[in-house]
Amino acid sequence: MIILGIETSCDETAAAVIESEPDNKGIILAQEVLSQIDSHSSFGGVVPEIAARAHLNTLDSIIKSVMEDACLSFHELNGIAVTSGPGLAGGLIVGTMIARTLAAVHNKPVFTINHLEGHALTARLTHRLSFPYLLLLVSGGHTQILLIKDVGDYECLATTIDDALGEAFDKTAKLLSLPYPGGPQVEKVALHGDPKAFDFPRPLQRHDTLNMSFSGLKTAVRKAFLEQSREKEDICASFQAAVGDILENRIKRAFNLFVERFGTNGTFVMAGGVATNLYLRHRLESTCRLASWNWIVPPKNLCTDNAAMIAWAAIERLQVGNKKNEDQGIRPRWPLDQKKQATYGSGRRGAKV
């Protein structure tokens, strides 16, 4: 089974070809990711119109390149998988329209894939992981703790009630006048700082919830920077340490919930763009080791946005018998757990945390 994957949900233009073997092992035959960092850096963030235009100008050549690298023709494919949400509408439109066009020309099915499902199943591509397992999905747009029960069966145990963690990193970087993209810059600067220099808050630590909050932490960083004018290194290190404490606290609670349900320890997976942060990876790996849990994090190039995970998600669905054409159009907002009610922050009337 061979699938071409296409990813254009934000500011990376990506394509990949994945083959599954009889033992369900996945092999990446070819992949390519074109970053748009230079196009957006002067704006301090992703500009949707610029991102969509870049996808339109480059996706054809990237697809051609990965097909040549894989030494395949389109008639050898079993289908085309494309991210149809969540993400920026303009980019999603570009990706899905090109996928549909290729599918129509070559008479292939199109599989519209949830970007979050790609992240959720990546560990099965890289480590052949069995269900169920816990997933911490941390990126610029999402921060969730999920119970991955099976292909298509995902339970959201917790989420952020305000900023996503990647967004908090980027906003902290922008406040400190660090270059874009901000997350890696905060991590870099933090290496030279004192993580105990500031006692930043750990929101919701005393609440009986797995949910997370990062807006208060971000506000505390702003206050420290404006009022105390301390070294950026100390602020970044203290901010990162606070994030580590928050995640460690929530993951330990998630471990307890998993054991209550299944009667045993399991495997914990960290995925998404923020999973490339080495400090947080080391913190949570240590947490798993002390709690006698298995720890998995995919390679860095499969944590950030990529098309290999989109192709693999389609293969997973095909392997469980979902062979119909799933083209349902783009969905800029598309929760992985569609049964879970939306969680609002304390600034909203009737909020529940």
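Start by selecting strand S1 and strand S2: a hairpin joins S1 to S2 through 4 residues. Strands (E, at least two residues) and helices (H or I, at least four) are DSSP runs, numbered from the N terminus. The model on screen is predicted: local features need pLDDT of at least 70, side-chain atom pairs count only at pLDDT 80 or more, and totals for chains, interfaces and linings use all residues. Residues are numbered from 1 along each chain as its sequence is written, and side-chain values use heavy atoms, with hydrogens and water left out.

**Stop 1**

Two strands count as paired if DSSP finds at least two bridges between them. Select Glu 7, whose bridge partner in S2 is Ala 14.

Now select residues 12-20, which make up S2; 8 of its 9 residues are buried. Buried means under 20% relative accessible area, exposed means over 50%, and partly exposed lies in between (1.4 Å probe, protein chains only).

**Stop 2**

Select residues 133-138. This is strand S6, and 6 of its 6 residues are buried. Which residues of S6 are buried on each side? Tyr 133, Leu 135 and Leu 137 are on one side, with Leu 134, Leu 136 and Val 138 on the other.

Strand S7, residues 143-150, pairs with S6 in the antiparallel sense over 6 bridges. Tyr 133 has Ile 148 as its bridge partner in S7, and the hairpin from S6 to S7 runs through 4 residues.

Strand S9, residues 267-271, pairs with S6 in the parallel sense, over 4 bridges. To find this pairing, select Leu 137, which stands opposite Ala 271 in S9.

**Stop 3: the nonpolar cores**

In soluble globular proteins, nonpolar side chains tend to be buried together. A nonpolar core is taken here as a set of buried Ala, Val, Leu, Ile, Met, Phe, Trp, Tyr and Cys residues joined through side-chain atoms within 4.5 Å. The largest nonpolar core has 49 residues, and Phe 200, Phe 268 and Met 270 have the most contacts inside it. Helix H8 gives the most to this core, with 12 residues. Apart from it lies another core, of 36 residues, which includes Tyr 133, Leu 146, Val 151 and Val 269.

Select Phe 200 and show what surrounds it. Leaving aside neighbours within four places in sequence, Phe 200 is in contact with Leu 217, Ala 220, Val 221, Ala 224, Ile 235, Ser 238, Phe 239 and Ala 242. Contact means heavy atoms within 4.5 Å.

**Stop 4: helix H6**

In H6, the buried residues are Gly 182, Gly 183, Val 186, Glu 187, Val 189 and Ala 190. What covers them includes helix H5 (165-175), H8 and helix H9 (278-290).

Select Val 189, which lies in this helix, residues 182-190. Val 189 counts as buried because its relative accessible area is 15%. Beyond its neighbours within four places in sequence, Val 189 is in contact with Leu 178, Lys 232, Glu 233 and Cys 236. Val 189 and Ala 173 are 16 residues apart in sequence and 9.8 Å apart in space, C-alpha to C-alpha.

**Stop 5: a cavity and a pocket**

Rolling a probe the size of a water molecule over the atoms shows where empty space is left. On a 1 Å grid over the protein atoms alone, a cavity is a set of points where a 1.4 Å probe fits but cannot get out; a pocket is an open set with protein on both sides within 12 Å along at least five of seven lines; lining residues have an atom within 4 Å of a point. Grid points are joined across faces, edges and corners, and a volume is the space filled by probe spheres set on the points.

How many cavities of 30 Å³ or more does the whole structure hold? The search finds 1. The largest cavity holds about 30 Å³ of space. To see its lining, select Leu 134, Leu 147, Leu 157, Ala 254, Leu 257, Phe 258, Arg 261 and Phe 262. Helix H8 (residues 232-262) gives the most to this lining, with 5 residues.

Finish at the second largest pocket, with about 410 Å³ of space. Of its 21 lining residues, Gly 152, Tyr 154, Arg 317, Leu 336 and Gln 338 lie nearest its centre. Strand S5 (110-114) and strand S8 (153-159) each supply at least two residues of the lining.
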